[in-house]
Amino acid sequence: MKYIVDHDYHIHSHLSSCSKDPMQTPERILKYAKDNGLKKICLTDHLWDDAVEGASDWYAPQNCAHVSEALPLPQADGVEFVFGCETELDKHLTLGLSPQSFERFDFIIIPTTHLHMKDFTIEAGATLEQRAKAYVARLDKILDMDLPFHKIGIAHLTCHLIAREPQGAFITVLDMVSDSEFTRLFTKAARLGVGIELNFHTGYPTEEMERILRVYRIAKKCGCKFYLGSDSHTTRDLDKSYQRLCEMVELLELEESDKFTF
């Protein structure tokens, strides 16, 4: 059976500092789910736990108390709206969520590709080669942690924030990670049962698109399970999200057996 687009597990509200859209409320997010026939959605605002030292100035205000201001989440018949978060991994490979806080959240997504935060997630001036090494080391570190992997997702593995300059540099960084290295990482991920997020732009030229899809195709071959994440930060994002979720499923020719659930 073809993969059914019935969920979105990566959505931000106005509580995320990068949203800047006061209309991006839980109520508006729930409407997006109802309008598009989604059965399960997850709120994943940015978070750095007060119990973990080392927050950046940007992350510090976005603590557990702050993201919990969204609670209780609104509900509707036919839609399950659950509470999650998007935490962070700094350049020392410290996770911004303490084990004591795991129980607070139904789902926890961890980005390993936020390499735009200079001197926080990566050293300033890092070359593309250094970013490729950091890409592997960061994902390896997460997979070696003692985490509740049944409710952990690895966010946007092909995000442009890996390297923003020059244009398309993030794809070059992905090219620097060999098939064998990706196979090693995704074999480990599949064994642990962690979710792999599908969250990428679908409008690249064919050659570039194929280089991006390589990552997910290797993950699929290794037996990884996938969930959909729009990473919407604004109401404008929400309005465009469902179509992109459908396009990602089509590009990877996914079946229901490829779906991650928590």
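**Exercise 1.** In this predicted model, identify residues that touch the most other members of the largest nonpolar core, and list the contacts of L147 beyond its neighbours within four places in sequence.

*Solution.* Step 1: The largest nonpolar core holds 78 residues. Those touching the most other members are I41, F105, Y135, L147, F186, L198 and F200. Step 2: With neighbours within four places in sequence set aside, L147 contacts L95, F102, I110, I142 and I152. Step 3: A further core of 8 residues lies apart from the largest one, and C42, F107, I109 and A155 are among its members. Step 4: In soluble globular proteins, nonpolar side chains tend to be buried together.

**Exercise 2.** Locate K259, decide whether K259 is buried or exposed, and find the side chains with which K259 makes polar contacts.

*Solution.* Step 1: K259 is placed in the segment that follows helix 7 (235–252). Step 2: The relative accessible area of K259 is 12%; buried means under 20%, so K259 is buried. Step 3: The side chain of K259 forms a polar contact of 3.0 Å with that of D6 and one of 2.8 Å with that of E256. Step 4: Apart from neighbours within four places in sequence, the residues in contact with K259 are Y3, I4, D6, H7, K225 and F226.

**Exercise 3.** Determine in which helix S180 lies and whether S180 counts as buried or exposed.

*Solution.* Step 1: S180 belongs to helix 5, residues 179–192. Step 2: The relative accessibility of S180 is 55%; exposed means over 50%, so S180 counts as exposed. Step 3: A polar contact of 3.0 Å links the side chains of S180 and S178.

Terms used: Residues numbered from 1 in each chain as written. Predicted model: local features only at pLDDT ≥ 70, side-chain atom pairs only at ≥ 80, totals over all residues. Heavy atoms only, no water. Core = buried A, V, L, I, M, F, W, Y, C linked by side-chain atoms within 4.5 Å. Buried < 20%, exposed > 50% of the residue type's maximum accessible area, 1.4 Å probe, protein only. Contact = heavy atoms within 4.5 Å. Helix = DSSP H or I, 4+ residues; strand = E, 2+ residues; numbered from the N terminus. Polar contact = N/O pair within 3.5 Å; in protein donor to acceptor, adjacent residues only side chain to side chain.
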